[in-house]
Amino acid sequence: MMLLFKMDLYSFVSTKDLKLLHNTIAIHNVLMILILCFSISICETQELTFEKAIDMALQNNDKVLQYKEKLVQKKYEKRSARGNLLPSVSLSAGYTHLDDPLTIDLEPIRQAMISLQSRNQVSLASMASQIKGGPAIDNPSTPTYQAIYQKAYSAFDQALPNFIDTLKEQNYPSAVITAVQPLFTGGKIRAGIRAAEIEKMTTSYELKKIEQDVVMETADYYLACVLMRDIIRVRQDVLSAMEIHRERAEKLYAQGIIAKYHLLRAEVAVSEANRNLYFDQNRYEVAKIALRKCINSETDFSDPVDSLVYHPIEDTLDEFLITPEKGQPVISIIKCKKDLANQKVAVQKSAFLPNVAAFGKFEIFSDYLSALEPQWAAGVMLNLTIFNGFKNINNLQSSKHLINELEKLESGIKDDIRLWINKAYRDMRSNEKQFLLLESDIKLADENLRQCKSRFENGYGTSLEVIDAQLVLEKNRIDRLVTLHDYYRSYIDLSTATGTQEQITRIFR
């Protein structure tokens with residue numbers, strides 16, 4: 001079909017068109033090759049080592065990222081606590097409408113003053129008349145008295161201003177700048193700053209603990225992947241051996257050397273080996289999914305490049321027991337909680353002391369101030385609680401007992417960690433001892449399998465003996481891998497208890 005199509009194409013297309021067609025096909029092929037290479041580069045799986053898995057987990061794990069954000073939050077809370085030492089400046093503004101203007105009316109006093117001064121003028125005129133030998137002017141009903149009084153009243157009424165003044169307009173704006181500077185708070189501000197520092201330190205230790213938990217989880221999944229990969233290799237070796245045994249059984253059965261039962265038993269052994277391999281392959285895929293979730297990676301990765309190889313750990317139990325004080329974040333967290341409780345005691349003690357602060361305020365719209373309101377003011381204020389139902393005393397006692405509680409908690413946690421270290425160390429040594437002893441069992445099982453195969457091929461043994469010997473060797477090999485896995489798992493647990501997880505990379509050195 002292709003040949004006929006090319007012949008028809010060459011017969012109906014000119015040489016120029018044919019050359020253009022060849023160029024187009026060449027360009028298309030180059031583009032297809034580039035697209036294929038790009039797709040392969042995208043789909044290429046990443047090579048994953050133990051150290052790379054730990055680094056990816058510490059960088060991408062959601063729990064670690066959450067506590068990193070919490071640590072940044074505590075850093076800004078510490079800065080906020082330091083701000084209490086500085087003055088606080090606020091601006092308050094508004095616009096007010098009154099039902100009526102605010103006025104002051106002293107008109108009765110003005111009238112009394114004018115009346116009093118007018119009578120004084122009449123008295124002075126009466127005294128002047130008597131000095132000249134005239135009559136006294138002391139009768140208010142006389143025309144002379146009334147004339148002098150009215151003249152003086154009119155003069156004083158014109159000379160004195162009105163005693164009615166508007167203090168506040170009906171509509172007026174206001175804007176006040178107020179500043180307050182704490183001078184003495186009984187140590188409350190300093191205790192708050194110290195408490196914020198301790199909270200930040202506590203969060204950093206909590207982050208370290210979360211990182212240790214993530215490292216332990218990642219190491220567990222990585223070890224599980226390595227273990228399942230090595231077990232799969234053992235299963236594959238067993239399957240190949242069983243298939244070879246079945247082929248030999250078929251030949252011996254065809255020659256009439258063995259009975260059909262031995263051939264059937266060999267076929268059953270191949271089926272069981274296939275089934276075990278399939279189940280372990282599924283477990284391996286689940287372990288890889290769990291590891292990918294732990295390191296929070298969407299990219300697929302190849303089989304772990306590390307292998308379970310025995311490396312002796314020479315550290316003694318006493319060396320592990322002296323490290324938790326320095327590296328275990330749980331102990332550091334409890335110590336921070338005790339310091340925080342001490343700061344709480346300091347805050348409760350400050351409640352018995354006065355609070356002293358300087359203040360000042362300034363009115364921006366001075367034109368709208370009344371005669372009774374200053375444009376600015378400054379001063380010092382003191383606040384002291386005299387009695388509040390013994391709450392301060394009870395709060396102080398509660399804080400002191402909180403310190404005692406945390407001391408008991410710290411002692412209990414140290415005992416638990418020592419027990420944790422002892423158990424993990426002894427489990428590690430037990431697994432190490434079992435791993436070393438299984439080496440002789442494997443050698444014995446291997447030699448037994450070789451002899452059973454030889455007897456079977458020479459017609460002196462049975463297929464069941466070969467299969468049983470193969471299964472015993474398989475069990476010993478898998479048990480040795482599991483024991484080595486448990487040995488390193490116990491070491492990771494021990495490193496977590498002592499807070500020295502940075503050393504666990506020597507598992508795959």
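Is Phe352 buried, partly exposed or exposed, and what is its relative accessible area? Phe352 is partly exposed, with a relative accessible area of 39%, where buried means under 20% relative accessible area, exposed means over 50%, and partly exposed lies in between (1.4 Å probe, protein chains only). The model is predicted, and local features need pLDDT of at least 70, side-chain atom pairs count only at pLDDT 80 or more, and totals for chains, interfaces and linings use all residues. Residues are numbered from 1 along each chain as its sequence is written, and side-chain values use heavy atoms, with hydrogens and water left out.

**View 1. The nonpolar surface patch that includes Phe352.** About 1,200 Å² of nonpolar surface is made by Leu183, Phe184, Phe352, Leu353, Val380, Leu382, Leu384, Ile386, Phe387, Phe390 and Ile393. Strand E4 (171-184) and strand E6 (376-383) are the elements that give two or more residues to this patch, whereas Phe352 is placed in the loop between helix H11 (329-350) and strand E5 (355-363). Patches are made of residues with over 30% relative accessible area and no salt bridge, like charges being joined within 9 Å and nonpolar side chains (Val, Leu, Ile, Met, Phe, Trp, Tyr) within 5 Å. Accessible areas come from the Shrake-Rupley method with a 1.4 Å probe, and for residues only the protein chains shown count as cover. Helices (H or I, at least four residues) and strands (E, at least two) are DSSP runs, numbered from the N terminus.

**View 2. The salt bridge between Glu474 and Arg235.** The side chains of Glu474 and Arg235 meet at 2.6 Å, N to O, a salt bridge being a side-chain nitrogen of Lys or Arg within 4 Å of a carboxyl oxygen of Asp or Glu. Because Glu474 lies in helix H13 (residues 463-498) and Arg235 in helix H7 (residues 188-254), the pair ties together parts that are 239 residues apart in sequence. Both Glu474 and Arg235 are buried.

**View 3. The salt bridge between Arg418 and Asp415 within helix H12.** The closest N and O atoms of Arg418 and Asp415 are 2.3 Å apart, and both residues lie in helix H12 (residues 391-457), 3 residues apart, about one turn of the helix. Arg418 counts as partly exposed at 38% relative accessibility, and Asp415 counts as partly exposed at 39%.

**View 4. The salt bridge between Glu465 and Arg455.** The closest N and O atoms of Glu465 and Arg455 are 3.9 Å apart, and the pair links distant parts of the chain, with Glu465 in helix H13 and Arg455 in helix H12, 10 residues apart. Glu465 is partly exposed at 33% relative accessibility, and Arg455 is partly exposed with a relative accessible area of 32%.
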